[in-house]
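Please read the following note with the sequence and the coordinates at hand.

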Amino acid sequence: MKQLQSLDLGYNEIGPDGIPTLADALREMKQLQSLDLQWNEAIGPAGITRSDLMGFRPTATLADALREMKQLQSLNLEGNDIGRFGPAGAAALADALREMKQLQSLDL
């Protein structure tokens, strides 16, 4: 999978527990240019309250992996409730996006 250039995992119901595994896999995909994670709710699933989330950082975990993906040109996170876990995750994502100089297309 190290040579993979495009990955579409949209609408796969990836849950927040899957984000660490996904982030680890993404770090290995050095050639990935297009990533579609739309409508997974992995970043902000319904039914979880803020009190359930002490120390839970799915958005920041994903942002850490994205920060390393210098070759990524297209990113689709549409339909994920990015702010569900509070502003820290959204801020981490914004910081990562600033470092992604090759990014040409972004859907939130």
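1. Angles between axes under 35 degrees count as roughly parallel, over 145 as roughly antiparallel, 65 to 115 as roughly perpendicular and the rest as oblique. The axes of H2 and H3 come within 8 Å and cross at roughly 10°, and the two helices are therefore roughly parallel to each other. The model is a predicted one, in which local features need pLDDT of at least 70 and side-chain atom pairs count only at pLDDT 80 or more, while totals for chains, interfaces and linings use all residues. Residues are numbered from 1 along each chain as its sequence is written, and side-chain values use heavy atoms, with hydrogens and water left out.

2. In the contact between these helices (heavy atoms within 4.5 Å), H2 contributes Thr 59, Ala 60, Ala 63, Leu 66 and Arg 67, while the residues from H3 include Gly 89, Leu 93 and Glu 99.

3. Leu 72 touches, among others, Leu 32, Leu 35, Leu 66 and Met 100, not counting residues up to four places away in sequence.

4. Four strands (DSSP runs of E, at least two residues) form an open sheet in the order S1-S2-S3-S4 with parallel pairing, where pairing requires at least two DSSP bridges. Three bridges join S1 to S2, and Asp 8 has Asp 36 as its bridge partner in S2.

Definitions and conventions: Axes fitted to C-alpha atoms, helices over the stretch in contact; angles between N-to-C directions.
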